[in-house]
Structures are given as structure tokens and as C-alpha cells.
Amino acid sequence: MIRTSVRGIDVVLETDPRLFSPHEIDAGTLAMLSHAPFTEKDKVLDLGCGYGVVGIVAARLIGAERVWMIDSDAIAIEIASRNVRANEVDGVVVTRSEGFSDFQETGFTQILCNPPYHTDFRVPKQFIHKGFNRLLVGGTLWMVTQRQLWYRNKLKAIFGRVREHSRPPYTVFEATKTSPRYATASTH
């Protein structure tokens, strides 16, 4: 069980040793949350939600009915659902999906993701391509990683406009969708 405060919000989070960062909230996730502005007009997706910290913090800031959380791991979905109830943000939608394959919701203004970057780039590549398509023009994909070069190149190729926030050893990428089309036609 993790009891802490994130952006001035007290959260209680059940975890599991089979999930990412089970003993404390990952420093990369905290770095990403420190940069992402949330407003009551946002529609937020916590992509690869794990036990749910990003979605829960967003829901407490902007309202549970404006937040969706997805993960491919059944254990993550079960625990994130319990954490949604424990933190009294019951309107959050928590769904199991392999990337975006079983998830149809669109029109997000913000998608936040701490992708599995210690493996190959297949998963983050899909998150970037498909995430772009789920954002409104003007919406932002937030990604945090320790592997800057690949992410910088891929995000610029798809989004064009990318800002970087350094919080060593992490980089938080802020990729804003400025057009309905990918920035580089050859990236599909």
C-alpha cells in the first residue's frame, strides 16, 4: 500500500509485486505529472495505467467523468479499479485493452503514458501512432522515458511539435497535435 501526496492530492494506492514500481510511485511518472497541466475542460487518458496513479490524480483535479484508464494487464485493471473506488473517483472508466485494440474512445485532450521502454519499441511505437489518432487537434501526448533519442525522433516525426522537460535521468516529452495528419507522411 502506498500512501502519499501527488500535486497536493492525498492518494492511497494498493499495489502488487507483479506490477511496475510496486513499492513507490515511479519517479518518471511523478516527473510527467509535475508537467502536465489539467483543466476542467480536459478529457484525459491514462495509457498503460498500472495501478492507476495518473488517472486518479487527474480525476481528483478535473473530475472522474473526464478520465479513462487502460492497461493490457488484468491484474493492473483489477487493482486500478479498486484504487479508483478507494480514492472516491468512481466515475473513471477503467478498461482492459491491448494498446488501443479493445478501446474505442476518442477526442482526448491529454494522453499520459510511462511506456515500457526497457524492451523493444513495438509498444511505444503503437502508443504514439494510435495515441495521435485519439487526440483532438491541440491535444497533447505526454510520455516519460530514460531513452531520449528514439522517442525524440519518433514523436517529432508523428507530431512535429515536441517540447522536452528534463528531470534526470528522465525526459518528459510533450507532443502536441497541431494537424489531423502525421507531421511526416513516410512514418505510417
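This is a predicted model: local features need pLDDT of at least 70, side-chain atom pairs count only at pLDDT 80 or more; totals for chains, interfaces and linings use all residues.
Me: Why is the pair Phe103 and Phe108 called stacked?
Reply: Rings pair if their centres lie within 6.5 Å, and planes under 30 degrees apart count as stacked. Phe103 and Phe108 have ring centres 6.1 Å apart and planes at 20°, so the pair is stacked. Both Phe103 and Phe108 are buried, too.

Me: How many aromatic pairs does this rule give?
Reply: The count is 8 aromatic pairs.

Me: What makes Phe121 and Trp150 a stacked pair?
Reply: Again, the limits are 6.5 Å for the centres and under 30 degrees for the planes. Here the centres are 4.2 Å apart and the planes sit at 15°, so this pair is stacked. The pair also links distant parts of the chain: Phe121 is in the loop between β6 and α4, while Trp150 is in helix α5, 29 residues apart. Together with Tyr151 and Phe173, Phe121 and Trp150 form one aromatic cluster.

Me: Are Phe121 and Trp150 buried, exposed or partly exposed, and how do you know?
Reply: Buried needs under 20% relative accessible area and exposed over 50%, with partly exposed in between. Phe121 has 22%, so Phe121 is partly exposed. Trp150 comes to 23%, so Trp150 counts as partly exposed as well.

Me: What makes Met143 buried?
Reply: The cut-off is under 20%, and Met143 is at 0% relative accessibility, so Met143 counts as buried. Met143 belongs to strand β7.

Me: Which residues have the most contacts inside the largest nonpolar core?
Reply: Leu13, Phe38, Val67, Val92 and Leu112, in a core of 37 residues. The largest share of this core comes from α2, with 7 residues. Apart from this core lies another, of 24 residues, and Phe103 is among them, as are Leu45, Val123 and Phe132.

Me: What does Leu13 touch?
Reply: Setting aside neighbours within four places in sequence, Leu13 is in contact with Met1, Ile2, Ile25, Tyr51, Val53, Ile56, Asn83 and Asn87.

Definitions and conventions: Residues are numbered from 1 along each chain as its sequence is written. Side-chain values use heavy atoms; hydrogens and water are left out. Rings of Phe, Tyr and Trp (its six-membered ring) pair if their centres lie within 6.5 Å; planes under 30 degrees apart count as stacked, over 60 as edge-to-face and the rest as tilted. Buried means under 20% relative accessible area, exposed over 50%, partly exposed in between (1.4 Å probe, protein chains only). Helices (H or I, at least four residues) and strands (E, at least two) are DSSP runs, numbered from the N terminus. A nonpolar core is a set of buried Ala, Val, Leu, Ile, Met, Phe, Trp, Tyr and Cys residues joined through side-chain atoms within 4.5 Å. Contact means heavy atoms within 4.5 Å.
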